[in-house]
Amino acid sequence: MKYVIANLKMNLVTAKECDRYLDALTQAWKVYVQSDAVKLIVCPSPFFMERFAQKLPAGILLGGQNMFWEEKGSFTGEVSPQSLQDSGVKAVICGHSERRGFLGETDEQVALKVKAAIDHAMTAIVCVGETAEEKEHDETATVIAEQIAAALDFVSEEQLERVIIAYEPRWAIGTGMTPSSEDIMQTRIVIQKMLIKKYGTEAASQAAILYGGSVNASLMDEVCIKADMSGVLVGKESLDPAELLKIIGALTASGA
Ligand code: PGA
């Protein structure tokens, strides 16, 4: 299975903007030749989750951008995993670098969110990635290995199918810069080795590992297909449904 995750971030901030987007996506989706082998997951703001749940075209899955790990209680401003599940969310991004960077989200918190997602019958989309400085110091493999080990702390072998890993170098997010396909492949191998060590070859070989960071349709060959990734996590380009569909088209055309 291949995946395209559309991370709308804190864009589409009014009902009107959401509706315009949903209309455009519905139109684009109609002409897209759907493939069972590629899943599109759209992650809007939790504030408009119900709206997206009602209006997303059939065949597109609803995703969350984040959530808290406890189900309910005195956690001011947080979003409950149960609320997401109840809204029809099938997958949730855990540990996006914007949350790690701006809000100080830790590996331990990411692990709890991954567990909460799985406990609420959702797939955890686990984001890992090195900073520019870490890359410069050749620390990518170490950093990624540490983040993976921490994030999957509570995940059992049977639960691994509920996990999607997204390799998103922090320096590539929203910058227009991307790693070479060789570098992406190297990191994929690091992640796969970690998974094999913890879960064995069979379970690990099923795990989806995506690339994210400045993805657009013309880069799909380089950042996804050549690097043998299971899909992409898309920020900016996902705000234009026509571009998003081009990205999916590129993945489908690759024989996904
Ligand atoms: P970008 O964002 O595609 O705008 O670089 C990707 C992400 O943050 O996941």
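**The ligand site and a salt bridge beside it**

The ligand takes up the space of the second largest pocket, a pocket being, on a 1 Å grid over the protein atoms alone, an open set of points with protein on both sides within 12 Å along at least five of seven lines. The model is predicted, so that local features need pLDDT of at least 70 and side-chain atom pairs count only at pLDDT 80 or more, whereas totals for chains, interfaces and linings use all residues. Residues are numbered from 1 along each chain as its sequence is written, and side-chain values use heavy atoms, with hydrogens and water left out.

Around the ligand stand 15 residues (a heavy atom within 4 Å), of which Lys9, His96, Glu168, Gly174 and Ser214 come nearest. This shell comprises five nonpolar, six polar and four charged residues. Polar contacts (N or O atoms within 3.5 Å) to ligand oxygen atoms are made by the side chain of Glu168 at 2.6 Å, by that of His96 at 2.7 Å, and by a backbone atom of Lys236 at 2.9 Å.

Among the 12 salt bridges of the structure (a side-chain nitrogen of Lys or Arg within 4 Å of a carboxyl oxygen of Asp or Glu), one joins Glu98 to Lys9, with the closest N and O atoms 2.8 Å apart. This pair connects distant parts of the chain, 89 residues apart, Glu98 lying in helix α4 (residues 97-103) and Lys9 in the loop between β1 (2-7) and α1 (15-31).

Conventions: Polar contact = N/O pair within 3.5 Å; in protein donor to acceptor, adjacent residues only side chain to side chain. 1 Å grid on protein atoms, 1.4 Å probe; cavity = no way out; pocket = protein on both sides within 12 Å on 5 of 7 lines; lining within 4 Å. Sits in = over half its atoms within 2 Å of the grid points. Nonpolar A, V, L, I, M, F, W, Y, C, P; charged D, E, K, R; others polar. Helix = DSSP H or I, 4+ residues; strand = E, 2+ residues; numbered from the N terminus.
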